Amino acid sequence: MADQQPNNQADAQAQLATLQGLDQAHHMHPFTDPSTLKQAPPFLIDSAQDCYVSGQGIRLLDMMAGLACVNIGYGNAEMAETAANAYKTLSYYHSFAAVSNPAAAALCGKIASLAPDEFNSVFLSNSGSEANETAIKIAHMYWKLKGQENKKVIIARDNSYHGSSIITAALTGNKAMQEPFGIEVGKDIRHAMMPFWYRLGGDMSLNDFGVKAAQSIEEQILEAGPENVAAFIGEPIQNALGAVIPPETYWPEVQRICKKYDVLLILDEVVTGFGRGGKWFMAEEYDIKPDIITLAKGLSSAYVPIAATIASDAIASFLEANAGIIQHGFTTSSHPVTCTIALKNIEILEREKLVERVRDHIGPYFEKRLKLLESHPLVGEVRVKGLMAGIELVKDKKTREQYPIEGMVCNHVSQAALMKGLIIRPAGNALILCPPFIVSEREIDLTVQAINECLSDTYQALQEMG
């Protein structure tokens, strides 16, 4: 036995090296500089349980829930058993030409029961990008059938995130996702101001700035001509930018403007849907009355790829009466296995009262503990809603001056946190946290302690650099 262990370790190391080599040679990674994989092999995550992921003998507390999507936590045995049984029962069939399956029917009914009133028509797809593409196509078809073919312009916001397909990348307010692919944001896509008071508000009050940010949408509508604008698309909270929570005055003004100019309102709840903000839908929290809602991540807690686009009754009934065959869909739309797994995910969220836990207990605790970091000299603001948070790092707390992005201050902090066994995500000059809904108070305490230590180490290094 004494001689066997080293051989097993050697075999494991050899297998790891082989897999890393295959990955380096053949795997095109998303959102990755290929040259980094030439310099060092990828880190292979090979298992996960609850709030932790593991790989290469290292266990990490994942305070990002993957990409803000593993809401019920990793390795849920019920989910695995459900998936296995679903594959044995009906591994696949399409939903084209009036064909369905029991799981798809049940899931659409369940989503409709949880969605805001007057949202009863659900189109199922595979990702947030596809859900938002579907929403844009619905908006364009709606206006075309109404005899207003000129209404094609979609207004999004600076630094928004709506996906990485061609049209959703164009909607996304990030030139780095557009220029390398030759994606041009032309006359049919416009961007309004983001409701980011901390960076853009200057001396304005929160409420005044909220109105100003909303009115920048009106400016874009007027520039394009109201007769040409199909829809405005926005996330209730801009998570990819560091949990940018809009002022209370923002969404009421957005709705007033959309209604005034007959512009559809598409609410991108890909991140916020299914409880991350403490409500099943943030439309409830902010009393938003959209025309279309998009969902993805929390629908299955990312156990399988699945997404949904929900049309309001007014939109859906009009299309039903006028559209004929809707020439849109995907091979795996309404996949019976993904629908079955999503149903089980929702069942677990309901049975374990995890959304209520986010709202009433662990969310407030998360906010209380993270807010303590605002006293740190490197932290300008901590923004928290439910289990989504952004920690804004600044060079000068009084003036809210930021460090240059190329200084990668947040990257230094997140890398230091990784060395302490903690996963958080850098996003420009903000750190993002979106833990699983099952995160414990102890894990939150450990997180805050580790971040504080990493902030202090980074701040000291910055001071020494002058």
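Colleague: Let's start with Ala243: buried or exposed?
Modeller: Ala243 counts as buried, at 0% relative accessibility. Here buried means under 20% relative accessible area, exposed over 50% and partly exposed in between, using a 1.4 Å probe and protein chains only. Bear in mind that this is a predicted model, where local features need pLDDT of at least 70, side-chain atom pairs count only at pLDDT 80 or more, and totals for chains, interfaces and linings use all residues. Residues are numbered from 1 along each chain as its sequence is written, and side-chain values use heavy atoms, with hydrogens and water left out.

Colleague: Where does Ala243 sit, and what is its phi near?
Modeller: Ala243 is in the loop between S7 and H10. Its phi is near 50 degrees, which is positive in a residue other than glycine. Helices (H or I, at least four residues) and strands (E, at least two) are DSSP runs, numbered from the N terminus.

Colleague: What about Gln238, where is that one?
Modeller: Gln238 is also placed in the loop between S7 and H10. With 2% relative accessibility, Gln238 counts as buried. Leaving aside neighbours within four places in sequence, Gln238 is in contact with Arg157, Asp158, Asn159, Ser160, Met194, Pro195, Ala243 and Val244. Contact means heavy atoms within 4.5 Å.

Colleague: And what is the phi of Glu118 near?
Modeller: Glu118 has a phi near 70 degrees, again a positive value in a residue other than glycine. Glu118 lies in the loop between helix H5 (102–114) and strand S4 (119–125). At 57% relative accessibility, Glu118 counts as exposed, whereas Ala243 counts as buried.

Colleague: Stepping back, what is the mean pLDDT of the chain?
Modeller: The mean pLDDT is 96, and 98% of the residues reach 70 or more. Over residues 1–5 the pLDDT is below 50, and that stretch has zero contacts in the model beyond near neighbours in sequence. pLDDT is the predictor's confidence in each residue, from 0 to 100.

Colleague: Now Arg383, please. Which strand is Arg383 in?
Modeller: Arg383 is in strand S11 (residues 379–385). Arg383 is buried, with a relative accessible area of 6%.

Colleague: Which side chains make polar contacts with the side chain of Arg383?
Modeller: Its side chain has a polar contact of 2.8 Å with that of Glu381, and one of 2.9 Å with the side chain of Glu392. A polar contact is a pair of N or O atoms within 3.5 Å; within protein, one must be able to donate a hydrogen and the other to accept it, and residues adjacent in sequence count only if both atoms are side-chain atoms. Beyond four places in sequence, the contacts of Arg383 include Tyr198, Ala243, Met388 and Ala430.

Colleague: How many aromatic pairs does a search of the whole structure find?
Modeller: The search finds seven. Tyr250 and Trp251 have ring centres 5.3 Å apart and planes at 80 degrees, so this pair is edge-to-face. Phe274 and Phe281 have ring centres 5.9 Å apart and planes at 45 degrees, so that pair is tilted. Rings of Phe, Tyr and Trp (its six-membered ring) pair if their centres lie within 6.5 Å; planes under 30 degrees apart count as stacked, over 60 as edge-to-face and the rest as tilted. Ring pairs also link Tyr142, Trp143 and Phe318 into a cluster.

Colleague: Are Tyr250 and Trp251 buried or exposed?
Modeller: Both Tyr250 and Trp251 are buried. Phe274 counts as buried at 1% relative accessibility, and Phe281 is buried at 0%.

Colleague: Last topic: how many residues has helix H9?
Modeller: H9 (residues 206–224) has 19 residues and reaches 28 Å from its first C-alpha to its last, close to the 27 Å expected at 1.5 Å a residue. The expected span is 1.5 Å times one less than the number of residues. Its buried residues include Phe209, Ile217, Glu218 and Ile221.

Colleague: What covers the buried residues of H9?
Modeller: The cover includes strands S5 (153–157), S6 (189–192) and S7 (229–234), together with helices H8 (197–200) and H10 (250–260). Just after H9, Gly225 takes a positive phi of about 95 degrees.
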